[in-house]
Amino acid sequence: MTSFNAPAAVERPPGRIGGTPLVPVRVPVRGGSLRLWLKLEWDNPFGSIKARTAEALLDALEATGRLGPGNRVVESTSGNLGVALAGLCAARGYACTLVVEPSTPHGSVARMRELGADVVVVPDVPGGRTLDARLRVVDDLLRRDPTAVWTDQYHSAANPGVHESRTAAELVRQAPNGSYDAVAVAVSTGGTLAGVAQFFRDHLPTARVIAVDAVGSAALGGPVAERPCKLAGFGSGRPSGFVRPHHVDDVVRVRDEDAAAACVLLQRATGLSLGGSAGAAVLAAVVRAAADPALREVACVCPDSGEKYPLTETAARVGTTASPDVATALDALGRARAGTPHAQETPLP
Ligand SMILES: Cc1ncc(COP(=O)(O)O)c(C=O)c1O
């Protein structure tokens, strides 16, 4: 068992964003074994990868003079970005209003309020259209309050920019032997995927980029559909404004319940706690590697930990409904073994 088995009891201070650990996990696959390299982003301040995004969004607005003393920051969020924005706005002296939905974990909403933010919860809209409702509330807030400024995680170039210049650069510097065969990234706005993919294209062009979307999400195209056990932060009701065709080699669509099962099985086997989108990335990596023997060292971006999600209840819905390749991958994850965290950084290729 690894010592990286639970989120830090003491949160890192807001100034210490990035430099997160990379932990190897060995997963048996037919004819050998696969090594996953998990980038544990829950080790950021405010518990997720979104600390990086929040800092970059605020910095970009401040640098252009659009955000300053007396402004109110407004954003639509599924949870993690809201917690990070609430914390950074408190530290920088901005008022903050966050628009969330019923699938946002209650613990995240409570944390946003604790950090001083106002939180508006929109009701669910049938047909997977709740994001549209959140964005209408943001529009309304901007119209009514002249001090309000939208960080706009859906369109700001700072979102993919920080994952290209920081998240992916770190991941590649930490790479075993300076390289990976592939990287798997789950999508919501697609900022993480677009940034990481661009950096890999420029610095590790032989690595495959595996994009991981939820069944019923429109983030990577296709129609939205109802997601009865939607995992917050995974997938989106709208297409990503950032992901371009050249970023992606494979798209793997994962059901929420299968992602949750991956989290539960991996935690039992290794002690590592992963959130739903991280579970989806890990599952997609194992499915793809089982089909392609060239993929044996695969990096997975793990945006947060599993502590705030109803993973056990969601995983119980899988029953016997998993497809054969997903069932095989879940079985393999149940036999995974974690190694010691990899701190070594290598020069960029
Ligand atoms: C848990 C989790 N996973 C993945 C993501 C995806 O990030 P992005 O918006 O960069 O696609 C988010 C975003 O909120 C998230 O909270």
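Reply: Leaving aside neighbours within four places in sequence, V298 is in contact with L34, L36, W37, Y180, D181, A182, A184, A285 and A289, where contact denotes C-beta atoms, placed from the backbone, within 7 Å. This is a predicted model, in which local features need pLDDT of at least 70, side-chain atom pairs count only at pLDDT 80 or more, and totals for chains, interfaces and linings use all residues. Residues are numbered from 1 along each chain as its sequence is written.

V298 also belongs to the largest nonpolar core, of 79 residues, where V298, A281, V282 and C300 touch the most other members. Such a core is a set of buried Ala, Val, Leu, Ile, Met, Phe, Trp, Tyr and Cys residues joined through C-beta atoms within 7 Å; buried denotes 20 or more other C-beta atoms within 10 Å of a residue's own, exposed 12 or fewer, and partly exposed a count in between. Helix α8 supplies the largest share of this core, ten residues.

E297 lies in strand β10, residues 297–302; helices (H or I, at least four residues) and strands (E, at least two) are DSSP runs numbered from the N terminus. E297 is partly exposed because it has 18 C-beta neighbours inside 10 Å. Between E297 and L34 the C-alpha distance is 6.4 Å, although they stand 263 residues apart in sequence.

Strand β10 forms part of an open sheet of seven strands with mixed pairing, in the order β9-β8-β7-β10-β2-β1-β11; pairing requires at least two DSSP bridges between two strands. At the edges stand β9 and β11, each with a single partner strand, so one side of each lacks a neighbour in the sheet.

Key
Two residues are in contact if their C-beta atoms, placed from the backbone, lie within 7 Å.
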